[in-house]
Amino acid sequence: MTTNVTLHDEGWHAILEAKYSRIISEMSQMYRIPLEKAMDMFYQSDTMLLMEEGVADLHCRSDKYLAEEVWRELKPNAYRLES
C-alpha cells in the first residue's frame, strides 16, 4: 500500500515536471533560442532549485514570469548562447 507522503511526492514531481516543460518552452519562444539551450539554462538556474525546494511557492507563479526570472538570472552575457 502506498502512503499519502509517497502519493504527494509523486504528484508534486509530476506537477513540477510539467511546469518545467512549460517554462522551457516559454523561454524558447520569448527569447528565440532553441529548446535545448532553454532547457540547459533552466536546469542550471537557481530558480529551478528554489522551485524544487518549494521556496516561496514559486510553482504558483506564471510560466512567463518564471521564464523571465531564469533569463535575468542567466542572461546571455553570463551564459553562452552561441552554438
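Me: What lies over the face of Y65?
Reply: R61 does, at 5.1 Å from the ring centre. A charge counts as over a ring if NZ of Lys or CZ of Arg is within 6 Å of the ring centre and within 35 degrees of the ring normal.

Me: Quick check, what sort of model is this?
Reply: This is a predicted model, where local features need pLDDT of at least 70 and side-chain atom pairs count only at pLDDT 80 or more, while totals for chains, interfaces and linings use all residues. Residues are numbered from 1 along each chain as its sequence is written, and side-chain values use heavy atoms, with hydrogens and water left out.

Me: Ok, rings. How many aromatic pairs are there?
Reply: The count is four aromatic pairs. Rings of Phe, Tyr and Trp (its six-membered ring) pair if their centres lie within 6.5 Å; planes under 30 degrees apart are stacked, over 60 edge-to-face, and the rest tilted.

Me: Why is the pair of Y31 and W71 called stacked?
Reply: Because their ring centres are 4.0 Å apart and their planes are at 5°. Y31 lies in helix α1 (residues 4-31) and W71 in helix α4 (residues 63-73), so the pair ties together parts that are 40 residues apart in sequence. Helices here are DSSP runs (H or I, at least four residues), numbered from the N terminus.

Me: Is W71 buried or exposed?
Reply: W71 is buried, with a relative accessible area of 14%, and Y31 is partly exposed at 25%. Buried means under 20% relative accessible area, exposed means over 50%, and partly exposed is in between (1.4 Å probe, protein chains only).

Me: And what about F42 and Y43, stacked or edge-to-face?
Reply: Edge-to-face, because the centres are 5.3 Å apart and the planes are at 80°. F42 is buried at 0%, whereas Y43 is partly exposed at 40%. Together with Y20, F42 and Y43 form one aromatic cluster.

Me: What else does F42 touch?
Reply: Leaving out residues up to four places away in sequence, F42 touches Y20, I23, I24, M27, M48, M51 and V70. Contact means heavy atoms within 4.5 Å.

Me: Which residues touch the most other members of the largest nonpolar core?
Reply: Y20, I23, M27, M41, F42 and M51, out of 17 residues in that core. Each of α1, α2 (35-43), α3 and α4 supplies at least two residues, and α1 gives the most, with five. A nonpolar core is a set of buried Ala, Val, Leu, Ile, Met, Phe, Trp, Tyr and Cys residues joined through side-chain atoms within 4.5 Å. In soluble globular proteins, nonpolar side chains tend to be buried together.

Me: Switching to α3, which residues are buried there?
Reply: In helix α3 (residues 46-53), those are T47, M48 and M51. Seen down the axis of α3, the buried residues fall within an arc of 100°, so they line one face of the helix. That arc is taken from the directions from the helix axis to the C-beta atoms. Just after α3, G54 has a positive phi of about 80°.

Me: Back to M51, how far apart are L16 and M51?
Reply: They're 35 residues apart in sequence and 8.0 Å apart in space, C-alpha to C-alpha. L16 lies in helix α1 and is buried at 1%. Not counting residues up to four places away, L16 touches M51, E52 and H59.

Me: Last one, is K19 buried or exposed?
Reply: K19 is buried, with a relative accessible area of 8%, and is found in helix α1. Neighbours within four places aside, K19 is in contact with M51, H59, R61, S62, D63 and L66.
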